[in-house]
Amino acid sequence: MTPNDAKRPLQLNDQGQLRHFLSLDGLSRELLTEILDTADSFLEVGTRAVKKVPLLRGKTVCNVFFENSTRTRTTFEMAAQRLSADVITLNVSTSSTSKGETLFDTLRNLEAMAADMFVIRHADSGAAHFIAEHVCPDVAVINGGDGRHAHPTQGMLDMLTIRRHKGGFENLSVAIVGDILHSRVARSDMLALRTLGCPDIRVIGPKTLLPTGLEQYGVRVFHDLAEGLRDVDVVIMLRLQRERMQGGLLPSQGEFYRLYGLSTARLALARPDAIVMHPGPINRGVEIESAVADGAQSVILNQVTYGIAVRMAVLSMAMSGQTAQRQLTSESASEEEI
C-alpha cells in the first residue's frame, strides 16, 4: 500500500478548486482547512427551524451505493437535501450489477438520468476513481467509500470532530486502534492528520491486522495497547471488519477485546481530557466497552452531526468547482473562436 494513489488533476479544476472528492491524498492543507471551515459554517443550518440553504437548488445528486451503509447514505441524503438539491438514492447492490451489468454500463445509465453529481460507494478499491475518469465532464463524483482504499468524507468529519473538541492539530497525539488492515477510514484519517500537521500519529493493533508500509504515512506503530494509548489526546477506535477477513487473522473476538478493546481502565492511560471516536457501527464488547462508548469522553454521536456538515461542504465545493471549470472551458473556447 502506498499513500501516493490520488490523481491530483482529476480532483481539482484548473484553478485548484475541488471538482471531485475521491481521496485525501494529494490535497493541500489549505484545501482541507477550507473544507473544515465551510463545514463549520454549515453546522448552524442544522439548528434552524427550516434546515435548508439554496446552494444546490435545481441540481440533482444521485447516491449510488453498490455496498450497504445506512449511516453514510442517510447523512449524504440529508446533506444534499439541506443544500436544496433533488436527491435520488440507488442501492445498486440489489439491482443491476447482480444481473450482470458492468460498472461501465451502470455509469452510462446513470448519466442518462442527467444527474449533476454522483456519490459512489463500492466494495472495490478505485471504483470512484474509475467513474470520475469516465464520467461526462460536467458531473462531480464524490467517494462515499471504496474497498480498503479511502473514505475521504469520513476522514474529514473525523478531522472536524477533533478540531472542534481540541482546537487544532499541531500539538496532538492521536491513536488509531484496531483493524487497520481493512480500514479505509484509517487510511483517510492518517493522510488528513499528517496533512493538517498532527505531530504524533499512532496506529495500534495486532500484527495480523496491520498492513505493511505504514511508516510511509508518518505514523508510529504499536502492538501493545497500553503503550500506544499512553498520554494520547484522541483515541479513534475502528470497527473489526470480519466480513473482509480471510483466514485466521484473529483467534476470536473475545481475544481481540481482551488485548485491544477500549475499556474504562485502558482509557485512563490517555490524557484526562482525551476524546473517544468511532466511525460506526460499533461492536460493543468487541472494540469498545459500552461504558466508554456512552461515557463523557465519547464524541461518537457528535461525529454523526458533524458528518452532515462536512458532506454539505464537500457537495457544495465540488459543485462550485465544476461550475467554475465549465465557465473556464467556455471562455477558452470563445477566445479560440475569436
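Here's a quick briefing on the overall build of this protein and a few local spots in it. Keep in mind that the model is predicted. The protein carries twelve helices and nine strands, and 55% of its 338 residues count as buried. Its radius of gyration is 20 Å, which agrees with the value near 20 Å that a compact globule of 338 residues would have.

**Overall build**

- Along the principal axes, the C-alpha atoms fill a box of roughly 70 × 45 × 40 Å.
- Take the contacts with a separation of 6 or more: 74% of them are between residues 24 or more positions apart.

- Strand 1 covers residues 60-65, and six of its six residues are buried, so the rest of the structure largely encloses it.
- In a regular strand, side chains alternate between the two faces of the sheet.
- Both faces of strand 1 are covered here: one side has T60, C62 and V64, the other has V61, N63 and F65, and all of them are buried.
- Strand 1 runs parallel to strand 2 (residues 86-90), and five bridges join the two.
- For V61, the bridge partner in strand 2 is V87.

**A buried loop residue**

- L209 sits in the loop between strand 6 (200-204) and strand 7 (220-222).
- L209 and L181 are 28 residues apart in sequence, with their C-alpha atoms 4.9 Å apart in space.

**Backbone spots to check out**

- The peptide bond from G280 to P281 is cis, with omega near -5°.
- P281 belongs to the loop between strand 9 (275-277) and helix 11 (290-293).
- A114 isn't a glycine, yet it has a positive phi of about 60°.
- You'll find A114 in the loop between helix 4 (103-111) and strand 3 (117-122), and with a relative accessible area of 55% it is exposed.
- D231 is another residue other than glycine with a positive phi, near 65°.
- D231 lies in the loop between helix 8 (225-229) and strand 8 (234-237), and its 41% relative accessibility makes it partly exposed.

Methods:
Residues are numbered from 1 along each chain as its sequence is written. This is a predicted model: local features need pLDDT of at least 70, side-chain atom pairs count only at pLDDT 80 or more; totals for chains, interfaces and linings use all residues. Side-chain values use heavy atoms; hydrogens and water are left out. Helices (H or I, at least four residues) and strands (E, at least two) are DSSP runs, numbered from the N terminus. The radius of gyration is taken over C-alpha atoms; the globule rule is 2.2 Å times the number of residues to the power 0.38. Buried means under 20% relative accessible area, exposed over 50%, partly exposed in between (1.4 Å probe, protein chains only). Contact means heavy atoms within 4.5 Å. Two strands pair if DSSP finds at least two bridges between them.
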